[in-house]
Amino acid sequence: MTELLRTEHLTRHFKIGGMLSRRMLHAVDDVNFTIGEREIVALAGESGSGKSTIARVLARIYKPTAGEIYFQGKPVSRIRSRPEALRYSSLVPMVFQDPFASMNPVLRVQHGVLRSLKLHRPELSGQQRTEEAARVFEAVGLGADMLERFPYELSGGQRQRVGFAQALAMRPKLILADEPVSMLDVSIRIGLLNLMAELRDKTGVSVLYITHDIASARYVADRLIVMYAGQIAETGPVDDVLANPRHPYTQLLLSAVPDPRAPMSTAGEADRGEPPKVIDPTPGCRFRYRCPLAIDTCAQVTPVLAELLPGHDAACHVAQSARGGAEQVKAFT
Amino acid sequence: MLEVSGLSVDYVLDHGSVRAVDDVSFTLERGEFLGIVGESGCGKSTLLFAVAQLLAPPAVVADGSVKFEGTNLVGLTDGQLSAIRWRDMSVVMQSAMNALNPVKSIGAQFKDAMRAHGKPSKQEIAARSAEVLRMVGIDPVHLKSYPHQLSGGMRQRSMIAMAMLFTPDLVIMDEPTSALDVVAQRSLMVQIKELQLSYGFAVIFVTHDMSLISHFSDRLMVMYAGQVDELGATRAVFDNPLHPYTQGLLEAFPSIHGPRVPLKGIPGNPPDMARLPTGCRFHTRCPLAVERCSQVAPDLYQIDDALVRCLRRQDGSLSSPQQGSLSR
């Protein structure tokens with residue numbers, strides 16, 4: 001795997017409360033991961049787990065509180081000049097969750113594509129820009145006749161494809177897709193997931209696929225990162241993590257996914273799914289309040305990721321102590 | 001207990017009307033859990049609103065009746081309806097944040113609902129409010145809380161508690177879990193089922209996520225473009241889906257178990273209700289459609305114990321489930 005992007009101790013805190021408040025919300029805390037070339041990495045977790053914050057930090061919408069992002073080996077915090085910033089944002093574009101809110105309703109859908117082409121690829125002539133727009137529309141499965149349409153004429157699935165076309169026009173290396181299918185109907189979602197896989201295979205782009213739907217992550221992603229309360233709970237090859245979840249939270253998440261093909265799981269049934277508050281956290285595992293396996297250490301020492309299986313890491317004291325992680329400890333099955 | 005027959009709902013607009021719900025009939029037994037699934041715009045929420053008589057203009061009931069415990073609700077005045085609402089039939093909406101009053105405490109909202117039906121004493125109100133909150137697993141101290149102080153799951157739970165104030169015979173739910181995370185969602189579903197089993201009320205549960213209710217509903221109704229496409233026992237619909245649309249829906253979401261198989265989803269988009277295709281409304285997206293499907297509008301046919309709106313099922317040209325499957 002050739003590394004494309006890597007984060008080192010990426011942290012983002014938000015001040016909350018009034019002007020004099022010193023309370024800090026730890027949205028993302030000490031997160032380390034890499035994204036390779038031609039790779040779809042799924043970032044999964046419940047609402048408030050910090051997954052969207054990570055996307056925004058990677059897109060340079062937020063500055064990290066601490067830590068560093070390395071893109072193609074170079075630190076992103078060193079970006080100073082406007083040309084450099086433009087270059088980065090054209091290589092790492094974002095696709096948003098709500099296809100109904102992310103487009104200007106009074107402009108034709110080609111507007112977004114043409115604008116970004118003008119900004120990011122100024123060498124192209126007007127004619128070339130139109131040709132390029134038609135090409136990227138084709139690549140996402142929309143006819144060139146769609147270019148002239150207005151957003152209201154398109155269905156949700158088509159609008160989300162326009163979102164991907166806009167990203168693609170900039171010849172990106174990494175697309176940050178923040179819940180790109182969650183607003184779409186079930187029958188349309190698969191088409192978009194297939195599109196992401198196709199883009200990876202044909203154009204070699206990588207995708208950070210942010211989702212709360214673990215089944216869709218399994219369907220499309222190569223690797224999976226499970227977030228809990230701003231930290232990575234578990235990460236590894238997607239099939240391996242789902243077949244062999246080491247972190248109790250991953251196990252809980254998997255047991256709760258409704259699956260009509262399987263009998264209902266009763267594991268963790270009593271768990272209310274209340275998201276944790278990460279305001280001025282004290283050391284210790286953030287999942288310990290919901291974890292049936294929690295031991296004394298969990299309340300004192302924050303667990304860090306350790307490799308338990310090849311390429312498969314979990315941040316859990318109990319899982320790590322079970323014969324160095326070789327054995328699976330089950331909290332929820 | 002509930003008998004909906006030939007129910008149609010029109011949205012009356014300046015340039016003509018659009019039929020959002022077309023000739024829907026079903027019955028509901030006491031204590032039964034009916035799931036209604038379909039994509040956005042298929043008329044499932046409009047149908048719910050029509051059953052609860054909550055439609056607001058431009059939507060009007062154009063035809064049909066809703067008989068609830070012997071009374072036809074269609075055409076009743078608001079005054080007559082309010083005697084039934086909350087007491088015999090209650091509604092849990094999709095977004096509790098919008099359904100709850102943000103400037104009133106939970107307890108005050110419970111009090112309003114109770115005062116609307118009789119003259120309970122302060123003690124009665126306090127006792128019953130605390131009781132229903134406990135039923136959904138929330139500490140009664142939250143009667144003093146305002147909606148913004150509760151998590152999404154707790155808000156939905158308090159909406160359900162409010163619907164339980166009078167132990168109604170029918171609770172209508174419109175995607176009550178769609179804003180929740182998967183763990184919270186499962187926990188809420190289990191709770192709804194437990195309450196239903198212990199208090200014996202009937203539930204109509206609308207959702208776009210079929211898999212969510214697969215373990216909870218007794219019968220399942222699949223809607224497409226304003227019509228019922230399939231209605232049968234939940235297990236039978238999942239194991240042996242008869243309508244190509246139902247099959248498409250089932251094969252449209254990936255599983256976390258078993259081998260990773262490429263899925264196709266359903267091609268195309270749901271039709272514009274103002275410009276419906278001729279014949280079967282699904283034929284433009286149906287991989288199994290034959291010429292006749294574009295000419296003849298299918299009825300709802302009885303096949304075994306299920307009702308299916310598919311010409312090819314009716315004439316037997318699709319007989320085995322394998323033949324109907326889109327991906328196999």
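At 1.5 Å a residue, the 14 residues of H5(A) should span 20 Å, and the end C-alpha atoms of H5(A) lie 20 Å apart, so the two values agree. The model is predicted. Of the 14 residues of H5(A), 13 are buried, so the rest of the structure largely encloses this helix. Arg171(A) follows H5(A) and has a positive phi, near 50°.

In H3(A), residues 110–120, the buried residues are Gln110(A), Gly112(A), Val113(A), Leu114(A) and Leu117(A). Their cover includes H5(A) and helix H4(A), residues 126–139.

Next, the core. The largest nonpolar core has 187 residues. Those with the most contacts inside this core are Ala42(A), Leu208(A), Tyr209(A) and Ile204(B). Helix H6(A), residues 186–203, gives the most to the core, with 8 residues. Leaving aside residues up to four places away in sequence, Leu208(A) touches Ile35(A), Val41(A), Leu43(A), Ala55(A), Leu174(A), Leu176(A) and Ala177(A).

Now the contact between the chains. Chain A gives 35 residues and chain B gives 34 residues.

| Class, side of chain B that touches chain A | Count |
|---|---|
| Nonpolar | 15 residues |
| Polar | 13 residues |

Key: Residues are numbered from 1 along each chain as its sequence is written. Chains are lettered from A and ligands numbered from 1 in the order in which they are written. This is a predicted model: local features need pLDDT of at least 70, side-chain atom pairs count only at pLDDT 80 or more; totals for chains, interfaces and linings use all residues. Two residues are in contact if their C-beta atoms, placed from the backbone, lie within 7 Å. Ala, Val, Leu, Ile, Met, Phe, Trp, Tyr, Cys and Pro count as nonpolar, Asp, Glu, Lys and Arg as charged, and the others, Gly among them, as polar. A residue is buried if 20 or more other C-beta atoms lie within 10 Å of its own, exposed if 12 or fewer, and partly exposed in between; C-beta atoms are placed from the backbone. Helices (H or I, at least four residues) and strands (E, at least two) are DSSP runs, numbered from the N terminus. A nonpolar core is a set of buried Ala, Val, Leu, Ile, Met, Phe, Trp, Tyr and Cys residues joined through C-beta atoms within 7 Å. The expected span of a helix is 1.5 Å times one less than its number of residues.
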